[in-house]
Amino acid sequence: MTTRIVELRQGILKKNDELARGLRTRFETAGVLVLNLVSSPGTGKTAFLERTLRELRARGSRAAALVGDLETDNDARRLAASGAPVRQINTHGICHLEAEMIGKHLEGWAGVDLKNLDYLFIENVGNLVCPSSYDLGERIRVALLSVTEGEDKPLKYPTLFNSADAAIITKMDIAEAVGFDRAAALRNIRAIRPDIRIFETSAKTGAGTDLWLDYLAAEKAHREA
Amino acid sequence: MHELSIVSSVVDTVITSLEKYPGARVTEVRLNVGALAAVIEDSLQFCYGIATDGTPLEGSRLVVNLIPVTVHCAACGRDGAIESLQSFRCPHCGEPAADIRHGRELDIDAIEIEEAEEGVKP
């Protein structure tokens, strides 16, 4: 019996990373800006996305969404009311989306051709931990936080907030009623990711939506330049 | 709690790498896990026993090498480990630092195996 050390030096999520790289190339070639939306359950990802899809449509942009949940197609049905193509991904117990699921759900998506899209939104499973490890081939990762969740949430979940390019504060319309400390929230988000873009929004009143859509348009133009 | 799927990937990768060493038994698996990898060592250890059961990795040790978060500071140009995950600032000059150089690792570094004696078929 001989003992031997075998160096592997391999990423544990290599398979996911490779699939994600393939997706990213595909998205870039098609000219579609892809965003991965991550938050706790109940932050308001779906309401935020409903408004985003609706207003993008009003601006003449073409957007579609993939929406992840453990079970049910409730969110897909809600989002489809915006008129945008929407497809549900049920993970059946898995707490995050993986690149393979994205690839699979892009196949045979009736009426959707990536080349004819400006934006593709991927609404991840509600979870602030696990999705941070899985690259989905997105260009922009968006972390959402609602005013009811506590201003210190970014400090509690630094891995996710640090991996995000943009942060959305949702439910700003009730900020005052719930005693939301805006300055502390902004400070905490920036403590975790100093160069992050922050948007303060309300899906109900539409506050902050224009700045958010301008950001999307600028990011898209920037990628095309 | 995605540690079980992480550990399952580790087991699959290690088994594939054993193809070159027929009959070998794994005694140790060494991982490099960054502080920003969103993975908890206790959960990895807990899942490891379950995921290795009935495989050539059964009974092996899982060694987790935790890698601290290192940033490059745009202000002073130096690299350094941040003092806490709640504050991404340069440890030298205190400026906010977004350029992460280490801490996102989630890798299998190496495995230790016991090879079957020559001529012995597994």
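This is a predicted model: local features need pLDDT of at least 70, side-chain atom pairs count only at pLDDT 80 or more; totals for chains, interfaces and linings use all residues.

To get from S1(B) to S2(B), the chain goes through helix H2 (residues 41–52) of chain B, giving a right-handed β-α-β crossover.

## H1 on H2 in chain B

H2(B) also packs against helix H1 (residues 3–17) of chain B, with the axes 9 Å apart and an angle of about 50°. That angle is why H1(B) counts as oblique to H2(B). The crossing is right-handed.

Who meets whom? From H1(B), it's Glu3(B), Leu4(B), Ile6(B), Val7(B), Ser8(B) and Val11(B), and from H2(B), Ser43(B), Leu44(B), Cys47(B), Tyr48(B), Ala51(B) and Thr52(B). Sorted by class, this contact has eight nonpolar, three polar and one charged residues.

## Where the chains meet

Now for the interface: 29 residues of chain A are in contact with 28 residues of chain B. On the chain A side, the elements giving two or more residues are strand S1 (2–11), helix H6 (158–163) and helix H7 (182–192) of chain A. S1(A) supplies the largest share, ten residues. By class, the chain A side splits into 14 nonpolar, nine polar and six charged.

One spot to look at is Gln10(A), whose bridge partner in S6(B) is Ile108(B).

## The sheet in chain A

Over in chain A, seven strands make an open sheet with parallel pairing, in the order S4-S3-S5-S2-S6-S7-S8. Strand S4 (86–90) and strand S8 (197–200) of chain A are at the edges with a single partner strand each, so one side of each has no neighbour in the sheet. From one strand to the next, the twist averages 20°.

At the S4(A) edge, the partner is strand S3 (residues 63–69) of chain A, paired in the parallel sense over five bridges. Ala65(A), for instance, has Val86(A) in S4(A) as its bridge partner. Lying across S3, S4 and strand S5 (119–123) of chain A is helix H4 (residues 99–106) of chain A, which runs at about 135° to S4(A).

Terms used. Residues are numbered from 1 along each chain as its sequence is written. Chains are lettered from A and ligands numbered from 1 in the order in which they are written. A crossover is right-handed if, with the strands pointing away from the viewer, the path from the first strand over the helix to the second runs clockwise. Helices (H or I, at least four residues) and strands (E, at least two) are DSSP runs, numbered from the N terminus. Two residues are in contact if their C-beta atoms, placed from the backbone, lie within 7 Å. Ala, Val, Leu, Ile, Met, Phe, Trp, Tyr, Cys and Pro count as nonpolar, Asp, Glu, Lys and Arg as charged, and the others, Gly among them, as polar. Two strands pair if DSSP finds at least two bridges between them. Axes are lines fitted to C-alpha atoms, for helices over the stretch in contact, and angles run from 0 to 180 degrees between N-to-C directions. Angles under 35 degrees count as roughly parallel, over 145 as roughly antiparallel, 65 to 115 as roughly perpendicular and the rest as oblique. A crossing is left-handed if the near helix is turned anticlockwise from the far one by less than a right angle, and right-handed if clockwise.
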